[in-house]
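Me: I have a model open and would like to go through some of its packing and geometry with you. Could you take my questions one at a time?

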Amino acid sequence: MATSETMKTGTLPPSTVQPAMTQKQPQSKLKETMVSFVIGGIAACGAVTFTNPWEVVKTRLQLQGELVRAGALSVADKPYHNSFQGLKVVFQNEGLRGIQRGLGVAYIYQVCLNGSRIGLYDPVRDFTIKHLHIQSSQGLLAAGIFAGAFSGISGAMLGSPLYLIKTRQQSYSPVFKGIGYQHEMDSPFRELAKIYRNEGFRGVYRGVEAAMARAGVGSAVQMPTYMMGKELLISRFGMPDTIGTHFGASMFAGLLVCLAMNPFDVISTRMYNQGVDPATGRGLLYSSPIDCFLKSTRTEGIRGLYKGFLAHYLRIGPHTMLMFVFMEQLKGVYAEYLQ
């Protein structure tokens, strides 16, 4: 395994291990990656249990007034006025099931997305540093950004069909039918099978390009920001490697992630949720993420890309904090188990 010196310089120290030990190293690296994948997935599932209600509200705020000019909707046409009122309205009309809509699918999606993001981050970063002989602090930052983006894109590709179903579940309201396209569905997996039968592989992966951009940008910001923030708090400010330090680093990372990712999140939500022409299999509103961006900004302005921002931060901020805190605790438990 690479030492801390390797992480900083990108070069391996003189080897004193026997050839037999060298042959086992790839296996230990693979095991380490798989453990990180499992820990990342479990930590993300713990976090999403608490933050899913804000995801439901964020989704509906992003779809409310879709392709409608600002100020054109009356109060009666906008049941969700803001994040907190929106959460109250969903709970009053749909109960606990409503505010946790899509949670089951979200668990599997989080394992795919965040398992990949956390599991692949260190191996990709170490590989980049080693093979490009990176030593400068700027190079280490660039390697971290690249590793974050690569792992995020990989997770988004893996989990895209689940994100499709989750978005459509969370946008559905039995009370307010005018918020986005309303997809009534039975079982999530039966719905996926139905989409595949009617639309093929292309339908199952509808909107994946927007999801890859969303996750790539978010991970490129989140992972290196958290890792560097934690290191800064420990090395510069002398804070111990405890929950308080993890909380502070992740809180700052969550804010930056939300600022960078919200426009991509709006486009992703709309691409996934749009209706589909049964004859052609094409989206009723958008042909591509770029088409969605152009139509949305042309009608709603740049402000439209930041719809649901507060709900997004109330979801992504605590989610980032909880995920990294859970992750660090699980890593500690696993380290004790190995002793």
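Me: Let us begin with Ser171: is Ser171 buried or exposed?
Reply: Ser171 is buried, at a relative accessible area of 1%; buried means under 20% relative accessible area, exposed over 50%, and partly exposed in between, with a 1.4 Å probe and protein chains only. Please note that this is a predicted model, in which local features need pLDDT of at least 70 and side-chain atom pairs count only at pLDDT 80 or more, while totals for chains, interfaces and linings use all residues. Residues are numbered from 1 along each chain as its sequence is written, and side-chain values use heavy atoms, with hydrogens and water left out.

Me: Which helix holds Ser171, and what is Ser171 in contact with?
Reply: Ser171 belongs to helix α5, residues 137–171. Helices (H or I, at least four residues) and strands (E, at least two) are DSSP runs, numbered from the N terminus. Apart from neighbours within four places in sequence, Ser171 is in contact with Thr59, Arg60, Leu63, Ile179, Tyr181, Gln182 and Asn273, where contact means heavy atoms within 4.5 Å.

Me: Moving on to Cys258, where does Cys258 lie?
Reply: Cys258 lies in helix α8, residues 243–273. The residue is buried, with a relative accessible area of 0%.

Me: And what does Cys258 touch, leaving aside its sequence neighbours?
Reply: Beyond neighbours within four places in sequence, Cys258 is in contact with Phe309, His312, Tyr313 and Ile316. For Cys258 and Phe309, the C-alpha to C-alpha separation is 7.6 Å in space, against 51 residues in sequence.

Me: What about Tyr306 and Phe309?
Reply: Tyr306 and Phe309 form a tilted pair, at 6.0 Å centre to centre and 55° between the planes. Tyr306 is partly exposed at 32% relative accessible area, and Phe309 is partly exposed at 26%.

Me: Which residues form an aromatic cluster?
Reply: Tyr109, Tyr163 and Tyr272 form one aromatic cluster.

Me: Back to the helices, then; how do α7 and α10 pack?
Reply: Their axes are 12 Å apart, and α7 and α10 pack at an angle of about 55°. Axes are lines fitted to C-alpha atoms, for helices over the stretch in contact, and angles run from 0 to 180 degrees between N-to-C directions. The two helices α7 and α10 are therefore oblique to each other: angles under 35 degrees count as roughly parallel, over 145 as roughly antiparallel, 65 to 115 as roughly perpendicular and the rest as oblique.

Me: Which residues meet there?
Reply: From α7, Arg214, Gln222, Met223, Tyr226 and Lys230 meet Arg315, Thr320, Met323, Phe324, Met327 and Glu328 of α10. By class, this contact of α7 with α10 has 5 nonpolar, 2 polar and 4 charged residues. Ala, Val, Leu, Ile, Met, Phe, Trp, Tyr, Cys and Pro count as nonpolar, Asp, Glu, Lys and Arg as charged, and the others, Gly among them, as polar.

Me: And at what angle do α4 and α7 cross?
Reply: Helix α4 (residues 103–131) and helix α7 (residues 208–235) cross at roughly 50°, and their axes come within 11 Å. The residues of the contact of α4 with α7 that meet include Tyr109 and Leu113 in α4 and Arg214 and Ala215 in α7. That contact divides into 8 nonpolar, 2 polar and 2 charged residues.

Me: Last topic, backbone angles: what is phi of His133?
Reply: Phi of His133 is near 55°, a positive value in a residue other than glycine. Most residues other than glycine have a negative phi. His133 is in the loop between α4 and α5 and is exposed, with a relative accessible area of 57%.

Key:
Phe/Tyr/Trp six-rings, centres within 6.5 Å; stacked < 30°, edge-to-face > 60°.
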